Amino acid sequence: MRSRLVFSVGLMFVLTATAVSAAITVGPMMGPIMGPAKTIKRPSFLGYYDGHKDTYLNTDVSSKSEATAMQINFSARLGSVKGLPEIYLVEGKAAPGQLAVFGSEPGEKDYSPLWAETILTWKAGATPVLITSDTQVNKIEKTGKLTERDAHVVLNCPIIKVG
């Protein structure tokens, strides 16, 4: 009888420990887990949004040539996604320190890690200035010094740090 009691208490201890361990691994109300976390090295980049710099990653793009050039994944299917915020990229001459310019960031209602690439080009004779916001892009375009064109490319580059 005593050995049964010891066995039962031992079994309950093991079951309780297993349940606690599972709760710690998954966490309360976290839902399914994706597996153990692993750290990898991946280059990050800076881009402007409303006058400050955000940090982002490039992971996938709908252009095969850009994927090769950037050494990221090619995904033709990304190209079919519409209604995305814009990422502005200056082509040709640019002001010193020019970075990509985002049309949104995390916390904004229209933020998405997917971006429609828009290419900006300074017109001949125009002196490039540092562009740090999408609002500035629109103001400069109205002066006739800057043009934009849709690259018909979707880039997956989530912003991982604001400011």
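Trainee: Which residues are exposed on the other side of α3?

Mentor: In this predicted model, Lys-139, Lys-142 and Thr-143 are the exposed residues on that side of α3.

Trainee: Which residues of helix α3 are buried, and how should I read their pattern?

Mentor: The general idea is that an α-helix has 3.6 residues a turn, so residues three or four places apart point the same way. In α3, which spans residues 134-143, the buried residues are Asp-134, Val-137 and Ile-140. Viewed down the axis of α3, these buried residues fall within an arc of 115 degrees, so they line one face of the helix. Among the elements that cover them are the strands β5 (86-90), β6 (100-102), β7 (114-122) and β8 (146-156).

Trainee: What follows α3, and where does Lys-145 lie?

Mentor: Gly-144 comes after α3 and has a positive phi, near 85 degrees, while Lys-145 is placed in the loop between α3 and β8. Lys-145 counts as partly exposed because its relative accessibility is 44%. Leaving aside residues up to four places away in sequence, Lys-145 touches Thr-121, Trp-122, Lys-123, Ala-126 and Ile-140, and Ile-140 is one of the buried residues of α3.

Trainee: How much space lies in the largest pocket, and which strand gives the most to its lining?

Mentor: In general, rolling a probe the size of a water molecule over the atoms shows where empty space is left. Here the largest pocket holds about 190 Å³ of space; 14 residues line this pocket, and the closest to its centre are Lys-82, Ala-116, Asp-150, His-152 and Val-153. Strand β8 gives the most to the lining, with six residues, and by class the lining has five nonpolar, four polar and five charged residues.

Methods: Residues are numbered from 1 along each chain as its sequence is written. This is a predicted model: local features need pLDDT of at least 70, side-chain atom pairs count only at pLDDT 80 or more; totals for chains, interfaces and linings use all residues. Side-chain values use heavy atoms; hydrogens and water are left out. Buried means under 20% relative accessible area, exposed over 50%, partly exposed in between (1.4 Å probe, protein chains only). Helices (H or I, at least four residues) and strands (E, at least two) are DSSP runs, numbered from the N terminus. The arc is that of the directions from the helix axis to the C-beta atoms. Contact means heavy atoms within 4.5 Å. On a 1 Å grid over the protein atoms alone, a cavity is a set of points where a 1.4 Å probe fits but cannot get out, and a pocket is an open set with protein on both sides within 12 Å along at least five of seven lines; lining residues have an atom within 4 Å of a point. Grid points are joined across faces, edges and corners, and a volume is the space filled by probe spheres set on the points. Ala, Val, Leu, Ile, Met, Phe, Trp, Tyr, Cys and Pro count as nonpolar, Asp, Glu, Lys and Arg as charged, and the others, Gly among them, as polar.
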